[in-house]
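Reader: I am new to this structure. Please show me how to read its features, one at a time.

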Amino acid sequence: MTDDVRAPRARGRPARSPARIEEVRGRIAACAFRLFHEEGYAAVSMRRLAEEAGYTVMTLYKYYDRKIDVLRDLWGRVFAELFDQLDEIAAANTDPAKRLQALAQAYVTFWLTRRDHYFLVFMSSGISQAEVSVFVRDDPLILRFGVILNALAEALGVAPTDPAVAVKADLLMAVLHGVAHNQITIAAYPWTPPQTLIRTAVEALVRADNPNEPYHATVAG
């Protein structure tokens, strides 16, 4: 006689696999993106989001603690798409000056060609500064901005840790966001083409300490 020894069956539902978690999160995120875009973040409740996504409210809360967590997930997905593109551009350009110009142009172009993404990330209403701060201080996100800071440092010919790089990187990001914001929100004004504005700003930023040094980084776009 052979003993039939079986492992005890686990109680309850099986653990959710990472693939299943991402599948559900992706579905919820896609639904949230549409609702937030059409009706505004402040107008959409977790109950409404659950109904539109085809889940119970209890299921939704298994994946997101609060509505702001859904929005942060969307922000993360948008920035992941952006920085994946920037990483490819950085790898494809070996010349420091051209790399910086290409990255700057691509950063603004990303938002200009995805205006709904821009409004979602930068112009959602009903969000506190504290809620935003948790996201913008996220270490992985800050590290991904390093692709621009490092390119700037190389174009300047200094180490990324040089104090001047941080100041100029902040100034560069302010310029890039300003160009994108004006083009998107004040489109009726006859702005200088964004490619020209970006090229001029980057050249001026890099040459500020060496005005007599030639700078050649024209990037078609």
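Author: We start with charges. A salt bridge is a side-chain nitrogen of Lys or Arg within 4 Å of a carboxyl oxygen of Asp or Glu. Keep in mind that this is a predicted model. Here Arg34, Glu38, Glu39, Arg48 and Glu52 are linked in a network of such bridges.

Reader: How many salt bridges does the structure hold?

Author: The structure holds 14 salt bridges. Take arginine 34 and glutamate 52, whose closest N and O atoms are 3.1 Å apart. This pair links distant parts of the chain: arginine 34 is in helix α1 and glutamate 52 in helix α2 (residues 46–53), 18 residues apart. Arginine 34 counts as partly exposed, at 34% relative accessibility. Glutamate 52 is partly exposed too, with a relative accessible area of 36%.

Reader: Where do glutamate 23 and arginine 20 lie?

Author: First the general idea. An α-helix has 3.6 residues a turn, so residues three or four places apart point the same way. Now the case. Glutamate 23 and arginine 20 both lie in helix α1 (residues 18–39), three residues apart, about one turn of the helix. Their side chains meet in a salt bridge, 3.3 Å from N to O.

Reader: Which helices hold arginine 99 and glutamate 154?

Author: Their side chains meet in a salt bridge of 3.2 Å, N to O. Arginine 99 lies in helix α5 and glutamate 154 in helix α9, so the pair ties together parts that are 55 residues apart in sequence. Arginine 99 counts as buried, at 12% relative accessibility. Glutamate 154 is partly exposed, with a relative accessible area of 44%.

Reader: Now the rings. How many aromatic pairs are there?

Author: A pair of aromatic rings is described by the distance of the centres and the angle of the planes. The structure holds 15 aromatic pairs. In one of them, the rings of phenylalanine 79 and tryptophan 111 have centres 5.8 Å apart and planes at 75°, so the pair is edge-to-face. Phenylalanine 79 lies in helix α4 (residues 67–92) and tryptophan 111 in helix α5 (residues 96–112), so the pair ties together parts 32 residues apart in sequence. Both phenylalanine 79 and tryptophan 111 are buried.

Reader: What of phenylalanine 83 and phenylalanine 145: how far apart are the centres of their rings?

Author: Their centres are 4.8 Å apart and their planes at 75°, so the pair is edge-to-face. Phenylalanine 83 is in helix α4, and phenylalanine 145 is in the loop between α8 (139–144) and α9 (146–156), 62 residues apart. Phenylalanine 83 counts as buried, at 0% relative accessibility. Phenylalanine 145 counts as partly exposed, at 25%. Ring pairs link both into a cluster, with Trp75, Phe79, Tyr107 and Trp111 among its other members.

Reader: Which ring does the charged end of lysine 67 sit over?

Author: The ring of tyrosine 41, with the charged end 4.3 Å from its centre. Arginine 25 lies over the face of tyrosine 64, at 4.5 Å from the ring centre.

Reader: Last, a helix. Which residues of α11 are buried?

Author: Pro194, Ile198, Val202, Leu205 and Val206 are buried in α11. They cover an arc of only 95° around the axis, which puts them on the same side of α11. These buried residues pack against α5, α9 and α10 (163–185).

Reader: And what covers the buried residues of α9?

Author: The cover includes α4, α5, α8, α10 and α11. Among the buried residues of α9 are Val147, Ile148 and Leu152. Just after α9, glycine 157 takes a positive phi of about 75°.

Methods. Residues numbered from 1 in each chain as written. Predicted model: local features only at pLDDT ≥ 70, side-chain atom pairs only at ≥ 80, totals over all residues. Heavy atoms only, no water. Phe/Tyr/Trp six-rings, centres within 6.5 Å; stacked < 30°, edge-to-face > 60°. Helix = DSSP H or I, 4+ residues; strand = E, 2+ residues; numbered from the N terminus. Buried < 20%, exposed > 50% of the residue type's maximum accessible area, 1.4 Å probe, protein only. Lys NZ or Arg CZ within 6 Å of the ring centre and 35° of its normal. Arc of directions from axis to C-beta. Contact = heavy atoms within 4.5 Å.
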